[in-house]
Amino acid sequence: MALVVLLVVSAVVALILQSNRDTQTEAKRRSIAVAQTFAHSPGVLAALKAPDPSKVLQPLTEAGRKSAGVDFIVVMDTKGIRYTHPLPDRIGKRFVGTIEPSLAGKVYTESVHGPLGHEVQATVPINSADGTVTALVSAGLKVKNVTSEVTRQLPIILAAGAGALVVSTGGTALVSRRLRRQTHSLAPHEMTRMYEHHDAVLHSVREGVLIVSDDGRLLLANDEARRLLELSPDAEGRHVGELSGLDPETVDLLASGREATDEVHIAGGRLLAVNQRPTDRNGGPRGTVVTLRDSTELQALSGRAELARERLKLLYDAGLGIGTTLDMVRTADELAQVAVPRFADFVTVDLADGVLHGEEPTPTATDMRRVTVCGIRDDHPLYEKGRLIDFLPSTPQARGYDTGRSELVTHLSTAAGWHVQDPERARDIVDYGIHSLVAAPIQARGVVLGMANFWRTKRHDPFDEEELSLAEELVARAAVSIDNARRYTREHALAVTLQRSLLPRALPEQSALDVGYRYIPARSGVSGDWFDVIPLPGNRVALVVGDVVGHGLHAAATMGRLRTAVHNFSTLDLPPDELLSHLDDLVGRIDQDESSCAEAAAEIVGATCLYAIYDPVTRRCVMARAGHLAPALVHPDGSVTFPDVPAGPPLGLGGMPFQTAELDLAEGSQLTLYTDGLIEDRTRDLDVGMELLRQALAGHADRPPEESCQAVVDELLPSRPKDDVALLIARTRALPPNQVADWDVPRDPAAVSGMREAVSGTLEKWGLSELGFAMELVLSELITNAIRYGCEPIHVRLIRDRTLICEVADGSSTSPHLRYAATTDEGGRGLFLVSQMTERWGTRYTPEGKVIWAEQALPEITELLPD
């Protein structure tokens with residue numbers, strides 16, 4: 001910028017000086033022209049010869065001065081005396097200036113300080129006809145007039161200079177800006193250093209660099225490119241098609257100018273990774289820059305690295321995909337699916353048959369069950385899935401099973417020991433194209449559970465030692481999961497066996513109800529759901545459904561304790577609310593015992609229960625529930641309701657009494673008891689489950705309970721429920737009136753004989769006369785005790801069903817006790833006689849008092865008389 005300003009200022013100064021010089025020259029030229037013109041004007045010589053030359057010449061010079069634009073025209077004689085002058089007072093005075101050159105006949109110009117000031121003047125001679133100088137003429141201008149002319153030109157000069165300065169400065173700025181952009185604002189020394197570094201890097205880098213012009217000529221090649229392509233010294237400037245040592249594909253790539261990224265080309269036995277990019281992206285010249293990298297060794301290394309990466313990826317996928325369930329067959333399938341086709345073309349897995357049932361494996365490779373066959377095709381000749389195989393000792397499978405080490409068979413066609421197992425199938429396998437085998441033992445905790453076999457066909461090279469290690473890694477990941485599944489299977493089988501041993505194995509014989517049931521264990525293991533059907537005295541039946549919170553052996557064991565307790569409490573013939581109260585106390589004591597033990601503090605018992613007693617004589621059902629779901633009742637017309645049974649607290653909470661509900665059930669009604677696993681699920685609400693249960697039961701009053709159970713299970717449960725399910729459906733029966741006889745007995749000892757006669761008549765009517773003596777004796781004792789120790793009302797009932805039942809009820813809650821009477825005692829032998837004469841006897845309490853009952857077995861063949 002400073003240089004441009006200096007140049008413009010210099011140019012302006014030069015223009016000023018040039019203008020001044022030109023003006024001076026123009027002034028001299030004009031003065032000479034005016035002087036010569038006047039000197040040669042006609043009449044000048046004649047005027048000089050006149051008596052008064054000034055009078056003639058003064059007007060002429062003034063007119064000529066004004067018309068010529070000069071400041072003065074002076075005519076003088078040869079002595080320099082003026083004849084004319086713009087200032088008349090100067091006429092007759094001597095001329096200020098040099099006249100000698102003009103007297104010699106020359107034109108003379110000079111600058112003098114005359115009468116008008118600083119003047120520029122020209123003096124020329126006036127020659128006579130004979131050529132002699134007769135006078136002189138001087139014409140000129142004042143210097144200030146000449147300078148004013150320059151001053152008038154100065155604005156134009158300065159304006160031009162300013163314009164030139166602006167244009168030059170702007171152009172300089174644009175050029176500087178472009179240079180800064182192109183050089184990235186680098187200083188000259190930085191650019192020098194950059195080019196030195198560029199040149200050093202270009203020729204020392206271990207990567208070939210080529211620059212090719214738009215017409216395909218090689219403009220630059222660094223040392224590495226010359227080495228890789230074996231270029232001649234004169235290669236630069238030649239067309240790439242003329243270069244020797246390049247394969248046609250590389251020549252086509254370099255000449256095409258297209259972009260390329262890591263394209264592999266062959267040059268001189270080397271594998272070159274070629275990258276090509278255009279050079280005109282940022283406004284540069286058209287062409288391409290090419291980089292070459294020798295990847296011959298890298299190709300081999302990358303191949304090994306890729307193989308290692310694939311194996312690591314295979315092991316990673318195996319870690320994620322194998323052992324997702326506690327199912328041995330599923331785990332074996334997952335192992336096969338991971339290995340095919342990434343590692344092997346076919347995979348078979350053989351497990352010891354006992355392992356599949358949770359047992360310990362056999363010591364030899366016999367009784368091996370093929371659980372998985374997976375491959376790239378389905379038409380293979382390998383043993384099919386499910387086959388039981390006894391491997392011979394010469395086979396790789398048997399050797400690997402015995403030693404616990406993997407066996408590698410590189411060529412199956414020459415493996416004689418393997419052919420012995422099944423020669424015909426071995427030939428089929430080899431003919432099919434399977435040529436290599438790895439047999440790896442599935443080993444966990446020092447025990448071999450089975451064998452995993454990896455097979456390869458002609459699609460892959462035979463297995464090698466490195467792949468043998470990879471196969472062992474894959475099998476090791478599956479072995480732990482298979483062993484865990486085996487142990488889980490064993491423990492689950494033990495738990496299920498325990499639970500099933502605690503549940504009813506068969507329903508007891510009774511005539512009050514037609515019962516169907518289902519118990520479905522959860523897929524996650526055993527739980528604490530249970531049900532029971534308990535015959536009670538008087539032909540009554542108790543129905544029980546309960547649920548212990550939690551899963552596992554603890555829940556199953558607790559369920560067994562509660563079921564035993566219910567059986568014990570039912571022998572006391574307690575009402576449902578009292579039985580649940582006793583059960584609640586038991587659960588509370590269990591919680592206290594386990595909470596005092598630090599190891600079992602987290603296993604606090606929580607349980608629900610529903611207990612119902614049905615009497616077929618009165619068709620009345622009394623029930624109570626402790627935190628359990630209400631039962632469903634299917635009426636004889638097919639409609640379904642959920643009786644409003646008071647909901648007591650779950651067992652173990654204590655402090656709250658339980659309430660009973662009494663229902664009069666028509667004959668043929670179906671009472672459905674169930675646990676929450678039937679209707680509750682994470683995917684649906686409780687109300688939805690109860691509505692589904694209603695729909696499954698509605699409209700099928702005549703359907704047998706067993707069919708109803710199956711229909712409910714099919715409608716509400718998935719194939720593998722997440723929670724245990726206990727379902728009990730009971731259809732009510734009513735005891736016919738001709739099988740029941742009852743009497744009211746007055747509190748009078750004389751009434752005993754009348755009752756004996758009435759009972760004898762009834763038994764004779766039923767065809768049970770042979771039981772008359774024993775029954776008369778029993779009734780006599782029971783009625784006598786009621787009259788003597790009880791209070792009114794006294795009622796006698798006789799029931800004929802599977803047994804002959806007699807009941808004596810009175811209004812007293814005092815219960816008699818069996819005892820051994822001494823020989824001197826007068827009483828105390830009545831109940832002893834009753835116990836000897838009957839199968840069973842007992843006492844139950846009612847809101848009105850108590851009932852003492854006794855049962856006698858019926859004869860095997862009884863001829864029943866018509867009603």
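In this predicted model, the stretch of residues 317-492 has end C-alpha atoms that lie 29 Å apart. The UniProt record, an unreviewed entry, annotates residues 317-492 as "domain: GAF".

Several details of the backbone deserve attention. In general, most peptide bonds are trans, and most residues other than glycine have a negative phi. Against that background, the bond that joins Val340 and Pro341 is cis, with an omega of about -5°. Pro341 belongs to the loop that runs between α10 (328-339) and β10 (346-352). A cis peptide bond is also found from Glu792 to Pro793, where omega is near 0°. Here the proline, Pro793, sits in the loop between α20 (772-789) and β28 (794-800).

Another backbone detail concerns phi. Arg445, a residue other than glycine, has a positive phi, near 55°. Arg445 is placed in the loop between the strands β14 (436-444) and β15 (447-456).

Arg177, Arg178, Arg180 and Arg181 together form a positive surface patch. One of these residues, Arg178, can be located in helix α5, which comprises residues 143-183.

Note on methods. Residues are numbered from 1 along each chain as its sequence is written. This is a predicted model: local features need pLDDT of at least 70, side-chain atom pairs count only at pLDDT 80 or more; totals for chains, interfaces and linings use all residues. Side-chain values use heavy atoms; hydrogens and water are left out. Patches are made of residues with over 30% relative accessible area and no salt bridge: like charges are joined within 9 Å, nonpolar side chains (Val, Leu, Ile, Met, Phe, Trp, Tyr) within 5 Å. Accessible areas come from the Shrake-Rupley method with a 1.4 Å probe; for residues, only the protein chains shown count as cover. A salt bridge is a side-chain nitrogen of Lys or Arg within 4 Å of a carboxyl oxygen of Asp or Glu. Lys and Arg count as positive and Asp and Glu as negative; His and the chain ends are not counted. The place of a charge is taken as NZ of Lys, CZ of Arg, CG of Asp or CD of Glu. Helices (H or I, at least four residues) and strands (E, at least two) are DSSP runs, numbered from the N terminus. UniProt positions are given in the numbering used here, feature names are shortened, and annotations may be inferred rather than shown by experiment.
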